[in-house]
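Trainee: I would like to learn how to read a fold from its model. Can we go through it feature by feature?

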Amino acid sequence: RKRLQAMGIVNLPELRAALREYISMRATARAKDRVKELERALSGNPNVGIDFFPTPAPLAARMAEALELQPGMSVLEPSAGKGNLADAVREAEPGAEIDVVEQSSTLRKILEAKGYALVGHDFMEFEPAEQYDRIIMNPPFSKSMDAEHVQHAYGMLKPGGKLAAITGEGIFFREDAKSKAFRAWFDSVGGKSEAM
């Protein structure tokens, strides 16, 4: 009783109110722990996903800012990994509607725990019901998959939409047919690149 009185809880209704508040805070903490637990399990796991390289938070924030997000915009993160880009979008514009696509069952669990709408499994087979206002992506790089993924994503944009993507530098200087074709397409759509 002395401890409760020291906390300002002097009657039964105050104790019940304090317990309700404690229980709600405890449930919230558990939800956050689930995401951290799943993310910790990624450490040292070589079979997480295809070319899995999480986007660093500062770069993800910069990309989200470049999208000039507005409330209610539909946003897609294809090949979402553990959702670092979607997290940056959510932080920049909480009113955005974010969809994600991810193949890895391990990473899909993290995305589900974060509350994202999983709308597809294999991005290259994904065809959305409606086009997106914005797309933010860090696609797989091997075998020039980044070029294919960016072009596939571009076709999912509404007129006037924006796409921000991380790609390997190779598609901007290699002389193979795939890289040359990508550069020609990139120029034709008015793409802008920045070396990181």
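Trainee: Which residue stands opposite V101 in β3?
Mentor: Strands of a sheet pair through backbone hydrogen bonds, either parallel or antiparallel. Here V101 faces G120 of β3. Three bridges join β2 (residues 97–101) to β3, and the two run parallel. Two strands pair if DSSP finds at least two bridges between them. Strands (E, at least two residues) and helices (H or I, at least four) are DSSP runs, numbered from the N terminus.
Mentor: A word on the source. This is a predicted model, where local features need pLDDT of at least 70, side-chain atom pairs count only at pLDDT 80 or more, and totals for chains, interfaces and linings use all residues. Residues are numbered from 1 along each chain as its sequence is written, and side-chain values use heavy atoms, with hydrogens and water left out.

Trainee: In what order do the five strands lie in the sheet?
Mentor: The order is β3-β2-β1-β4-β5, in an open sheet with parallel pairing. β3 (117–120) and β5 (157–165) are the edge strands, each with a single partner, so one side of each has no neighbour in the sheet. From one strand to the next, the twist averages 30 degrees.

Trainee: Which helix packs on the sheet, touching β4 and β5?
Mentor: Contact means heavy atoms within 4.5 Å. Helix α6 (residues 145–154) touches β4 (132–137) and β5, and its direction makes about 155 degrees with that of β5. Axes are lines fitted to C-alpha atoms, for helices over the stretch in contact, and angles run from 0 to 180 degrees between N-to-C directions.

Trainee: At what angle do α6 and α7 pack?
Mentor: About 30 degrees, with the axes of α6 and α7 (residues 177–188) 10 Å apart. That makes α6 roughly parallel to α7. Angles under 35 degrees count as roughly parallel, over 145 as roughly antiparallel, 65 to 115 as roughly perpendicular and the rest as oblique. On the α6 side the contact uses A147, E148, V150, Q151 and Y154; on the α7 side, K178, F182 and W185.

Trainee: How do the axes of α3 and α4 cross?
Mentor: The axes of α3 (residues 57–66) and α4 (residues 84–92) come within 8 Å and cross at roughly 55 degrees. α3 is therefore oblique to α4. A60, A61, M63 and A64 of α3 meet N84, L85, A88, V89 and A92 of α4.

Trainee: How many helices and strands does the protein have?
Mentor: Seven helices and five strands. Along the sequence they follow α-α-α-β-α-β-α-β-β-α-β-α.
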